[in-house]
Amino acid sequence: MNLLSKNSPVEQSILKMKAVLKDVGCEASFSQEKHPLENCFSVNLASNEAPNHIYSNGKGTISDASIASAYGEYIERLQTNNFFIDFHLPNRKYYPDEVAFDFGGDYLTPELKKIYDANGELEPKDLVDFNSDYMDKIVALPFIKESTKEKTYIPINILSNLFVSNGLATGNTANEAKVQALSEIFERYSKIAIIKEGYALPQFPDEVVKSFPKVYKDVQTLRDLGYIIEILDASLGGVFPVTAISLINTKNNTLFVSFGAHPILEVSLERTMTELMQGRDLTNLDAFEIPTFDMSLVADSFNLEAHFIDSNGKLGFPFLSTKKSFEYAPWKYEGNGSDDEYAFLLDILKSQNREMYMREYTYLDFYSCQMIVPNFSEVYPLDDMVYNNKNNGKLIRDMVLNFEKYDVNDILDTVDSLDDSLNMQLYIGVIFEENFTMGDFKAQMLLLLEEYDDALEILEFSNNKFGHLVAQLIRMQNDGLEWENYETALYNVYGKEKIQKAVDILEGNGYLINRTLHKDYNNMLSMFDKLEVKKLAFYKN
């Protein structure tokens, strides 16, 4: 079956993508399919090696479409290394064609430096990547500037801090993927603007929605269940090919909005509808947020991040206003096929006076690309490069993994200003068998120094239940209580094994934190190495 906007039968695409994964030795497994509405299907595809960390999601109007979607996203993130962007990759190059520049090297053009260092605050250290072992190099990847075809080196740390997965796509053909990537960029640009500014969007006329029977039928099903559903023109006045669907759950006063984009209106609406239901069934449409008039909360970067991760963040009441921010203005597209669709999207980009930079991948014998549009397609604020840089975790990574090599007081001086709630494995880019927080790490350092009162203060206010036990033993010690009088009670409450472990920690014969790396982390590195063999063979040719 040929799906609208796709250049190969969906069954053929699935077979080819399955073969790609089998050939590279990175096979994956599907979760149970969700099919809450007649024309909404979604699945999760997770790697067999590290299922909680390497996975993709797929959606579509038929079952095979959702399977193909999941395979496509999986290959896109595998081939572009996006699956590995948040991890430490010891003794490894991120990509064969990367260049490790000295500070002040030939990365970023003058026009890009004006964007990413507009206030003169960006330092070379802010461009050091998160993944490698380099501390004094800036690792960058070559991108091609669309308008001039010039090669431009973009630091990986800009890609991972600001763009994440926005603008990544895979397709049966190059232009099919490029249409997907640029459509996604427009969708997220419009989405962020609408949420942040509280724009109230005009509705599509009923006769337009009725002309797309799949979407109309599923909308009616939700309305029959008591949800208030509106089909919205999110084109920002006819500029971008973006649609939205809002859902109000009157039972718990919550609001959810999904977005979709594509030059073909029918495809955009179908994507918006399947996005609304992705990973959900009809029994869990009650986990959304209550709208607010506090637009500072809505516009907060943490709320916008929540919208990017799973589309579930706060929305403002202005979004629901009857006074619309734009007139209904559907975009005009009359082309045929991916080539015309891509040309249409490029024309929109040019009308916005934006430059696009692209990187293409084919070494797995299935086309993928990464597009970035500076000062347009970033998901996170530009000043994150200075004030919330991911590479901060790199500065303490070795201290955490090998603290025996360091002076404990120096470690504490280094981490003192860091929030106790920081998730350590996310912060430094590894996977532990037993994850811990920055507070746990600080407490461990204080225990090594026998600074028990300072450790006690951290442990009692942490969420670490075992840390609470250690804190109780410190209190016993501080109060001069006799062990024999409480031994039985402690064993009864906590169990002998836990008590003995806590005693060992306080006597310096054990550690509060466990730095053993999880097998999933090692499996993930093995996946990276399998891909590296393919990459090297491709780039040598």
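Reply: Let us begin with cavities, for which one term is needed: a cavity is a set of grid points where a 1.4 Å probe fits but cannot get out, and its lining residues have an atom within 4 Å of a point. Please keep in mind that this is a predicted model. Its second largest cavity is lined by Gln-203, Phe-204, Asp-206, Val-209, Tyr-216, Val-219, Arg-223 and Ile-231.

Me: How much space lies in the second largest cavity, and which element supplies the largest share of its lining?

Reply: The space in the second largest cavity is about 40 Å³. Helix H7 provides the largest share of the lining, three residues. Both helix H6 (206-210) and helix H7 (213-224) supply at least two lining residues. Sorted by class, this lining has five nonpolar, one polar and two charged residues.

Me: How many cavities of 30 Å³ or more does the structure hold, and which residues line the largest cavity?

Reply: There are four cavities of 30 Å³ or more. The largest cavity holds about 90 Å³ of space, and its lining residues include Thr-80, Tyr-94, Ile-156, Leu-159, Ser-160 and Gln-370. Its lining comprises eight nonpolar and four polar residues, with no charged ones. Helix H4 gives the most to this lining, with three residues.

Me: Why is helix H4 described as largely enclosed by the rest of the structure?

Reply: A residue counts as buried when its relative accessible area is under 20%. In helix H4 (residues 156-163), eight of the eight residues are buried, so the helix is largely enclosed by the rest of the structure. Among them are Ile-156, Asn-157, Ser-160 and Phe-163. The buried residues of H4 pack against helix H3 (110-116), strand S6 (137-145), strand S7 (151-155), strand S13 (368-372) and helix H12 (384-387). After H4 comes Val-164, which has a positive phi near 40 degrees.

Me: Is Ser-8 buried or exposed, and with which residues is it in contact beyond its neighbours within four places in sequence?

Reply: Ser-8 has a relative accessible area of 14% and is therefore buried. This residue lies in the segment before helix H1 (10-24). Leaving aside neighbours within four places in sequence, Ser-8 is in contact with Asn-2, Ser-13 and Asn-172.

Me: How should I read the two faces of a strand?

Reply: In a regular strand, side chains alternate between the two faces of the sheet. Strand S3 (residues 40-47) runs antiparallel to S4 and is joined to it by six bridges. Within this pair, Phe-41 has Gly-60 of S4 as its bridge partner.

Me: What is the order of the strands in the open sheet of three strands?

Reply: In general, strands of a sheet pair through backbone hydrogen bonds, either parallel or antiparallel. Here the open sheet of three strands has the order S9-S10-S11, with antiparallel pairing. Strand S9 (228-233) and strand S11 (254-261) are its edge strands, each pairing on one side only. On average, and ignoring direction, neighbouring strands of this sheet are turned by 15 degrees against each other. Helix H5 (residues 174-197) packs on the sheet, where it touches S10 and S11, and its direction makes about 150 degrees with that of S11. Strand S10 (residues 242-249) pairs with S11 over eight bridges in the antiparallel sense, and the partner of Val-242 in S11 is Ala-261.

Note on methods. Residues are numbered from 1 along each chain as its sequence is written. This is a predicted model: local features need pLDDT of at least 70, side-chain atom pairs count only at pLDDT 80 or more; totals for chains, interfaces and linings use all residues. Side-chain values use heavy atoms; hydrogens and water are left out. Two strands pair if DSSP finds at least two bridges between them. Helices (H or I, at least four residues) and strands (E, at least two) are DSSP runs, numbered from the N terminus. Axes are lines fitted to C-alpha atoms, for helices over the stretch in contact, and angles run from 0 to 180 degrees between N-to-C directions. Contact means heavy atoms within 4.5 Å. Buried means under 20% relative accessible area, exposed over 50%, partly exposed in between (1.4 Å probe, protein chains only). On a 1 Å grid over the protein atoms alone, a cavity is a set of points where a 1.4 Å probe fits but cannot get out, and a pocket is an open set with protein on both sides within 12 Å along at least five of seven lines; lining residues have an atom within 4 Å of a point. Grid points are joined across faces, edges and corners, and a volume is the space filled by probe spheres set on the points. Ala, Val, Leu, Ile, Met, Phe, Trp, Tyr, Cys and Pro count as nonpolar, Asp, Glu, Lys and Arg as charged, and the others, Gly among them, as polar.
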